[in-house]
Amino acid sequence: MSAREITVGQALLLLQSPASDKEFIECVNSDQLKLETDIGKIIFNDYLEQKISNQSEPSVDPLGKVNRLIEEIPDSSEAARTLADQWLISQKMKLLDNTPACEKVVQEVLSTPDSSMGKPSFDDHEYFQHIRQVLPDYLQRVVMVANLPASELEILKKTMEEKGVPSSDPLYQTTLAHIASASGQNPDVAIKTTIESYQDYRTLIENEKQAVSQSLKEDRLELKKFEEEKVTMSKEDIQESLWVGHTGVRIASNENRLQVLSEWSDLMEVELKRLNSESL
């Protein structure tokens with residue numbers, strides 16, 4: 001049949017896409033999609049697109065569900081596997097093209113959170129969840145580079161250079177490492193630069209952890225002293241001690257902040273161990 005013709009089975013799928021992954025795989029296996037046609041490719045790609053857009057919660061691995069679905073496509077469905085791989089690569093490139101430099105990612109957690117109506121951002125649930133997601137998302141995108149073809153790696157390298165991404169950026173150096181490997185060269189220099197970069201960022205995070213810990217220690221001591229002195233204070237003096245409430249809010253915010261910093265420090269440590277094992 002012509003690449004532009006449409007079958008009854010395809011028409012039904014255009015009216016109502018597969019209701020589940022199982023039904024989608026059955027359509028692939030039965031050749032109902034007719035992937036040699038333009039419309040078959042569109043139906044196939046649209047279903048994969050829906051898997052991303054239908055995610056109810058933000059995910060560190062936005063392509064994880066689709067990747068697992070693709071793995072269920074049997075090797076015998078060569079056209080479907082090829083089309084799925086092409087789609088996956090294009091989606092990875094979209095994500096990678098829009099990945100901020102690691103420097104900006106780390107600075108986001110190191111910068112003082114903005115306050116809204118006197119309430120620190122780290123007390124805001126949505127902001128807190130967002131900031132916990134930022135570094136894991138970046139690290140997941142670094143991992144994505146491993147399975148890109150050499151031609152896409154070169155495009156990604158050029159894109160980052162045009163955007164002015166620092167040469168020490170882990171995503172940039174990881175791209176260089178895979179380009180080197182693909183061309184039979186030694187990737188150790190790029191891996192070494194990435195390790196040094198992660199070590200620098202981990203040091204910044206550890207320094208911030210110490211500063212936040214010190215602030216918490218001082219605030220808790222102030223509150224403890226207030227509680228001890230409160231027994232000798234008048235009711236009016238106690239009511240006028242507005243700083244107590246602000247200090248309590250700051251403590252809660254810094255506790256959240258310290259939790260994020262600890263998580264990020266642990267993530268950096270895991271990445272360093274992985275990279276050190278690769279450079280052996």
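Me: Buried means under 20% relative accessible area, exposed over 50%, and partly exposed in between (1.4 Å probe, protein chains only). What makes Asp21 count as partly exposed?

Reply: The relative accessibility of Asp21 is 23%, so this residue counts as partly exposed. The model is predicted: local features need pLDDT of at least 70, side-chain atom pairs count only at pLDDT 80 or more, and totals for chains, interfaces and linings use all residues. Residues are numbered from 1 along each chain as its sequence is written, and side-chain values use heavy atoms, with hydrogens and water left out.

Me: Why does Lys51 count as buried?

Reply: Lys51 has 19% relative accessibility, which is under 20%, and therefore counts as buried.

Me: What makes the pairing of Lys51 and Asp21 a salt bridge?

Reply: A salt bridge requires a side-chain nitrogen of Lys or Arg within 4 Å of a carboxyl oxygen of Asp or Glu. The N to O distance between Lys51 and Asp21 is 2.9 Å, so the pair qualifies. Lys51 belongs to helix H3 (residues 38-53) and Asp21 to helix H2 (residues 21-29), so the bridge ties together parts that are 30 residues apart in sequence. Helices here are DSSP runs (H or I, at least four residues), and strands (E, at least two) are also DSSP runs, both numbered from the N terminus.

Me: How do you know that Asp137 and Arg141 are separated by about one helical turn?

Reply: These residues are four residues apart in helix H7 (residues 125-144), which means a separation of about one helical turn.

Me: Why is Ser253 called buried?

Reply: Its relative accessible area is 5%, so Ser253 falls under the limit for buried. Ser253 is placed in helix H12 (residues 243-278). Leaving aside residues up to four places away in sequence, Ser253 touches Pro120, Phe122 and Asp123, where contact means heavy atoms within 4.5 Å.

Me: Which residues make the contact between H3 and H4?

Reply: The axes of H3 and helix H4 (residues 64-71) come within 8 Å and cross at roughly 145°; axes are lines fitted to C-alpha atoms, for helices over the stretch in contact, with angles running from 0 to 180 degrees between N-to-C directions. Tyr47, Leu48, Lys51 and Ile52 of H3 meet Lys65, Val66 and Leu69 of H4.
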